[in-house]
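I opened this structure for the first time today and kept notes as I went. The entries below follow the order in which I looked things up.

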Amino acid sequence: MKVIPEKEIETALMPVAEQIGVEIYEVVFKQGRNPSLTVYIDTDKEDGIDLDTCEKFHNAIDPVLDELDPTFGMPYTLNVSSPGLDRPFKKDSDFLRHIGKKVEIRLYAPIRGEKYIEAVLTEYNAESKNIAVERNGETVKLNLSQIAKICEAIEFN
């Protein structure tokens, strides 16, 4: 099935996201027997994304997608969702929003014998794609190319 590129779909939906007060985290189109377009939305608000916000955004983007016709007339299912608590950082804003917060890092190759680091994100350089984290008073500098996944550490009380 021919589909408009996900980045182009995201760009078309940005004005709606701004109007509703959410950020588009990712747009994913899955092909197969039941093709689907999933738009993951996020927010800086403490409460995060709730079902009402997903429904409001879904209803608002329906006419935009009808006009855009991302599948050139072929049927698909539209989903709107939160990326979840353990979502990996993908954009500069994800890193910047989490400076000073505890993060979980999975590495491609071990550093000092470890492939998993839980530490506080202290720096992010968008140009060089480097981060610094602090753990037990020690600073560790990493390039994003070393990181398989980085996300906010989830602490259960």
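Entry 1, contacts of Asp42. I started by listing what Asp42 touches in this predicted model. Leaving out residues up to four places away in sequence, I found Val22, Glu23, Tyr25, Ile49, Pro83, Arg87 and Arg97. Then I checked the side chain. Asp42 and Arg87 are joined there by a polar contact of 3.1 Å. Next I asked where Asp42 sits. It belongs to strand S2, which covers residues 36-42. Is Asp42 buried or exposed? Its relative accessibility is 3%, and the limit for buried is under 20%, so I noted Asp42 as buried.

One bridge I picked out pairs Tyr40 with Ser81 in S3.

Two packed helices are described by the angle between their axes and the distance between the axes. I looked up both values. The axes of H1 and H2 come within 10 Å and cross at roughly 145°. The crossing is right-handed. On the H1 side, the residues that meet H2 are Ile9, Ala12, Leu13, Val16, Ala17 and Ile20. On the H2 side I wrote down Lys56, Phe57, Ala60, Ile61, Val64, Leu65 and Leu68.

In soluble globular proteins, nonpolar side chains tend to be buried together. I searched for such groups here. The largest nonpolar core has 20 residues, and Val39, Ile41, Phe57 and Ile61 touch the most other members. H1, S1, S2, H2 and S3 each give two or more residues to this core. Which element gives the most? H1 does, with 5 residues. I took a closer look at Ile61. Not counting residues up to four places away in sequence, Ile61 touches Leu13, Val16, Val39, Leu78 and Val80. There is also a second, separate core of 15 residues, among them Phe89, Phe95, Val103 and Leu107.

S5 (residues 114-125) pairs with S6 (residues 130-135) in the antiparallel sense over 5 bridges. Glu123 has Ala132 in S6 as its bridge partner. These two strands form a hairpin with 4 residues between them. Lys129, in that turn, has a positive phi of about 60°. S6 also runs antiparallel to S7 (residues 138-143), with 6 bridges. Here Arg135 stands opposite Glu138 in S7. How many residues lie between the strands in the hairpin of S6 and S7? There are 2, and Asn136 takes a positive phi near 55°.

Key. Residues numbered from 1 in each chain as written. Predicted model: local features only at pLDDT ≥ 70, side-chain atom pairs only at ≥ 80, totals over all residues. Heavy atoms only, no water. Buried < 20%, exposed > 50% of the residue type's maximum accessible area, 1.4 Å probe, protein only. Polar contact = N/O pair within 3.5 Å; in protein donor to acceptor, adjacent residues only side chain to side chain. Contact = heavy atoms within 4.5 Å. Pairing = 2+ DSSP bridges. Core = buried A, V, L, I, M, F, W, Y, C linked by side-chain atoms within 4.5 Å. Axes fitted to C-alpha atoms, helices over the stretch in contact; angles between N-to-C directions. Left-handed = near helix turned anticlockwise from the far one by under 90°.
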